[in-house]
Amino acid sequence: MENYSIIIIILAIVIGLSVLAEQIKLPYPILLVIVGIAIGFIPGIPEIEINPEIIFLLFLPPLLYDASFNISPKDFKTNLHTIGTLAIPLVFLTTFWIAVVARYMIPGMTWPLAFVLGSILSATDAVAAMSITKGLGLSHKTITILEGESLINDASALVAYRFAVAAALGYSFIIWEATLQFILLLGGGFLVGFTMGKILAFVLKRVHKNPIVTISFMLLMPFVTYLIAEHLHVSGVIAVVILGLAIARFSNKIFPESLKNQSKGLWDIIIFLLNGLIFILIGLNFPYILKNIDNGLILPYIGYAVIITIVALLIRMTRIFLQKINLQKAFQNNGKKRRKVSEQALLDSKNSFIISWSGMRGIVSLAIAMGLPKTLEDGSPFPERSAIIFISVAVVLLTLIGQGLTLPWIVKKVNLKGE
C-alpha cells in the first residue's frame, strides 16, 4: 500500500510542478528532475528502485505509440535518410567512441565493460527530446527528425547493449551474427507492428461508431504489440512505432473529428502523467545510486561523466553536419543519380545545430543501466557495475539539465523561432 501512496503523491507533485514550470518559463522535465533529486535527499524518504521491465512494458509502448501516431508519415518519409543515419550508424559510432574514451580514462574499465557503458549512453531518448523541445518554436522539419530518430534508435542501442553485456559475461562476439540479429530484430519488429496494425484497423472498422470501445482498443494495442514482439524475440520498440504510423494513416481516413478529439484528449492526459512520472523518478533515483559509490570516487566519476557527455555531443555534432554536407552534394547531383534527394530533406546550419544540441539521454539509458546483471556466469559480482550505473545516471542528468536548460537560449540565438 505504501508504494501506491508514493506514486499518487508523486503524480500530485508532477501536476503542481508543471504549473510552476509554466510560470517561471522553465521546461517542466528539468524542474521535475531537479525536484526529484532534492526529494531523494530528504531523510526518511523510501528508496524507489527503477525496475527496467516495468519501464519497458508500462512506459515505452504508450509513449512511442503516441509519438509515432502524431508524426506525419509524409514528413517522416521525406527525412528518412537523416533519421536513419542518426538512429542506426550514429548509435554504433557513439557506442564505439564512448567505449574508447572510457577504456583509456576510467581505471578498471576493460574493453567489454567500456562497450557496455557506450551502448547504454549511445541513444537519445524519445521522451526527453519531445518533452524538452515542446513549445520552443522549432521548425517542423527539426521536430520530425528528432522524434523520428528517438523512435528508432532505442532498437539499435538495445542490440549494441545485448552484445556488449554478452562479451562482458565471457561470450564470444561474432560480427556477422550481430549484424544478422540486428536485421532480424528490426525486420521482425516491422512485421509484427505491420500485422498488428492491420488487425487493429480491421477491428476499428467495425467498432469505430462506439467511441469508448474504439479508444479502449487503441489504448490496449501498444502493450499487446510490444509483448508479442518481445515474446518473439524481435524489437518491441520498432513494432510499436510501426503500429502507430499505420494507425495514424488509417485514422485519417475513417475516424470522425469528434472521435479524434476525444481520443487525443485522453492520450494527452496519459502522456503528460507518464512523462512527469519518468522525469521525477530519474531525479529520485540519483541519491539511491549515490549510496553505492565510495565518497572518494564521486568527484572523479562525475568528471568522467562530463567528459563522456562532451564526447557524445561532439560525435553527434560532427555526424549531423556531415549529413548536411552529404545531402547537399546528393541534391546537386540529382540528375546523375537514380534516387533523388528532395529540397525539403536538406538541412541548414541552424537546424543542424539544434538537432545536435537536442540529443538528451533519458529513461531508456537509465533503465538499461539498472538492468545490468549483478553477477557473472560463475557467480562473481559483475565488475564495475556500480561505476557504470553511476556514470550513466550522471550523463543522463548532465544532458537533461545542461542541454535542456540551454536549449531555449540556443533556439533564440540561432533565430529558429520565426521558422
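Which helix gives the most to the positive patch? Keep that in mind as you click around; the answer comes at the second stop.

Before you start, know that this is a predicted model, where local features need pLDDT of at least 70, side-chain atom pairs count only at pLDDT 80 or more, and totals for chains, interfaces and linings use all residues. Residues are numbered from 1 along each chain as its sequence is written, and side-chain values use heavy atoms, with hydrogens and water left out.

**Stop 1**

Select residues 80-87, which make up helix 5. Helices here are DSSP runs (H or I, at least four residues), numbered from the N terminus. Now colour Thr 82, Ile 83, Thr 85, Leu 86 and Ala 87: these are buried, meaning under 20% relative accessible area with a 1.4 Å probe, counting protein chains only (exposed is over 50%, partly exposed in between).

What do the buried residues of helix 5 pack against? Show helix 4 (73-78), helix 6 (89-105), helix 9 (140-168), helix 14 (295-332) and helix 15 (349-357), and you have the partners. Contact means heavy atoms within 4.5 Å.

Next, pick Gln 323, which sits in helix 14. Gln 323 counts as buried because its relative accessibility is 1%. Leaving aside residues up to four places away in sequence, Gln 323 touches His 81, Thr 82, Thr 85 and Leu 347.

**Stop 2: the positive patch**

Switch to the surface and select Lys 77, Lys 198, Lys 205, Arg 206, Arg 249 and Lys 253, which gather in a patch of positive charge. Two elements give two or more residues to this patch: helix 10 (175-207) and helix 12 (236-254). Here's the answer to the opening question: helix 10 gives the most, with three residues. Patch members have over 30% relative accessible area and no salt bridge, and like charges are joined within 9 Å. A salt bridge would be a side-chain nitrogen of Lys or Arg within 4 Å of a carboxyl oxygen of Asp or Glu.

Zoom in on Lys 253, in helix 12. Is Lys 253 buried or exposed? Its relative accessibility is 72%, so Lys 253 counts as exposed.

**Stop 3: two loop residues**

Go to His 233, in the loop between helix 11 (211-231) and helix 12. His 233 isn't a glycine, yet its phi is positive, at about 60°. With a relative accessible area of 67%, His 233 is exposed.

Finish at Glu 384, in the loop between helix 16 (363-370) and helix 17 (385-413). Glu 384 has a positive phi too, near 55°. Glu 384 counts as partly exposed because its relative accessibility is 27%.

Key
Patches are made of residues with over 30% relative accessible area and no salt bridge: like charges are joined within 9 Å, nonpolar side chains (Val, Leu, Ile, Met, Phe, Trp, Tyr) within 5 Å. Accessible areas come from the Shrake-Rupley method with a 1.4 Å probe; for residues, only the protein chains shown count as cover. Lys and Arg count as positive and Asp and Glu as negative; His and the chain ends are not counted. The place of a charge is taken as NZ of Lys, CZ of Arg, CG of Asp or CD of Glu.
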